[in-house]
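Colleague: I'd like to learn how to read a model like this one. Please take me through it feature by feature, with the general idea before each case.

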Amino acid sequence: MKLQSKKILIIGSSNTDMVIRTHEFPIPGQTILGGEFIMNAGGKGANQAVAAARLGAKISFVTKIGKDVFGSYTLSSLRYEGIDTATIIKTAKHPSGVALITVNNAGENTIVVAPGANMQLTAGEIKEDLFESAGMILIQLEIPLSTIGHIIQTANKHKVNVVLNPAPAATLTDSMLHGLYLVTPNEIETEMLTGIYPDTLPAMRKAGKFFMDKGVQNVVITLGAKGVFLMTAS
């Protein structure tokens, strides 16, 4: 089966983002009147799924949601994007993930995430046949690290390329990095994973080599307005 006939398997988080715009952030104990309220479907996994679907890819998306109003909102939002929701896991034991976001007039934000069911996604809930039919796997770090380790191990077993966005930043074992097709940390995540802050070209190369030495095939360090740094094994 050719790669283009296979699906992209995305395993990760889904949240409902509840955003309030305000002139300035409240101080502890203060209540203020905000402005516009927006509710959006979010979560790093869902964002990857929507982006891939909009680019025309065939995808399977595995995430875990609660049987609540936010779970229903997530399902309807994904279906609106043309995403098959058959592989989404629903639970009555845990609430869906939500993020409370405040944005001030300067565009700065504060975010508090209640991960809910996202952090209850276990390795045993991810069916192995999904790996067999996948052409590529995209993951992030808003689900348990034990589940991440299982995904990478199973993907390596089936010789499927894995792309890891290591956000939010967390400490990863060497076995999690070994065999990754691509890792895409930002500057802070690079420093946390390698101990090297990529503020100069030599530092970027040193950080890239760190990942390569751990068995990562390709590295893209995202640098905000400064662009990206790319290092490949070829």
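Modeller: Ile-38, for instance, is found in strand β3. Keep in mind that this is a predicted model, where local features need pLDDT of at least 70 and side-chain atom pairs count only at pLDDT 80 or more, while totals for chains, interfaces and linings use all residues. Residues are numbered from 1 along each chain as its sequence is written, and side-chain values use heavy atoms, leaving out hydrogens and water.

Colleague: Is Ile-38 buried or exposed, or partly exposed?

Modeller: Buried means under 20% relative accessible area, exposed means over 50%, and partly exposed is in between (1.4 Å probe, protein chains only). Ile-38 comes out as partly exposed, because its relative accessible area is 24%.

Colleague: And which residues is Ile-38 in contact with?

Modeller: Contact means heavy atoms within 4.5 Å. Leaving aside neighbours within four places in sequence, Ile-38 is in contact with Asp-17, Met-18, Val-19 and Arg-21. Between Ile-38 and Asp-17, the C-alpha to C-alpha distance is 8.0 Å, although 21 residues separate them in sequence.

Colleague: Which residues form a nonpolar patch on the surface?

Modeller: Patches are made of residues with over 30% relative accessible area and no salt bridge, where like charges are joined within 9 Å and nonpolar side chains (Val, Leu, Ile, Met, Phe, Trp, Tyr) within 5 Å. The areas come from the Shrake-Rupley method with a 1.4 Å probe, and for residues only the protein chains shown count as cover. Here Ile-20, Phe-37 and Met-39 form such a patch, with about 270 Å² of accessible area together. Phe-37 belongs to strand β3, residues 37–42.

Colleague: What about the inside?

Modeller: In soluble globular proteins, nonpolar side chains tend to be buried together. A nonpolar core is a set of buried Ala, Val, Leu, Ile, Met, Phe, Trp, Tyr and Cys residues joined through side-chain atoms within 4.5 Å. In the largest one, with 39 residues, Ile-11, Ile-137 and Ile-139 touch the most other members. Helix α7 (residues 201–213) gives this core its largest share, five residues. There's also a second, separate core of 17 residues, including Ile-10, Ala-49, Ile-83 and Ile-88.

Colleague: How many salt bridges does a search of the whole structure find?

Modeller: A salt bridge is a side-chain nitrogen of Lys or Arg within 4 Å of a carboxyl oxygen of Asp or Glu. The search finds seven. In one of them, Glu-81 pairs with Arg-54, the closest N and O atoms being 2.7 Å apart. Glu-81 sits in the loop between α2 (69–80) and β6 (89–91) and Arg-54 in helix α1 (residues 44–54), so this pair ties together parts 27 residues apart in sequence. Arg-54 counts as exposed, because its relative accessibility is 62%.

Colleague: Which side chain meets Lys-226 in a salt bridge?

Modeller: That's Glu-187, at 3.3 Å, N to O. Lys-226 is exposed at 58% relative accessible area, whereas Glu-187 counts as buried at 15%.

Colleague: What joins the side chains of Ser-14 and Thr-63?

Modeller: A polar contact of 3.0 Å. The term means a pair of N or O atoms within 3.5 Å; within protein, one must be able to donate a hydrogen and the other to accept it, and residues adjacent in sequence count only if both atoms are side-chain atoms. Ser-14 is in the loop between β1 (7–11) and β2 (15–21), and is buried at 2% relative accessible area. Asn-218, in strand β12, is buried too, at 14%. A polar atom of the Asn-218 side chain lies 2.8 Å from the backbone oxygen of Tyr-181.

Notes:
Helices (H or I, at least four residues) and strands (E, at least two) are DSSP runs, numbered from the N terminus.
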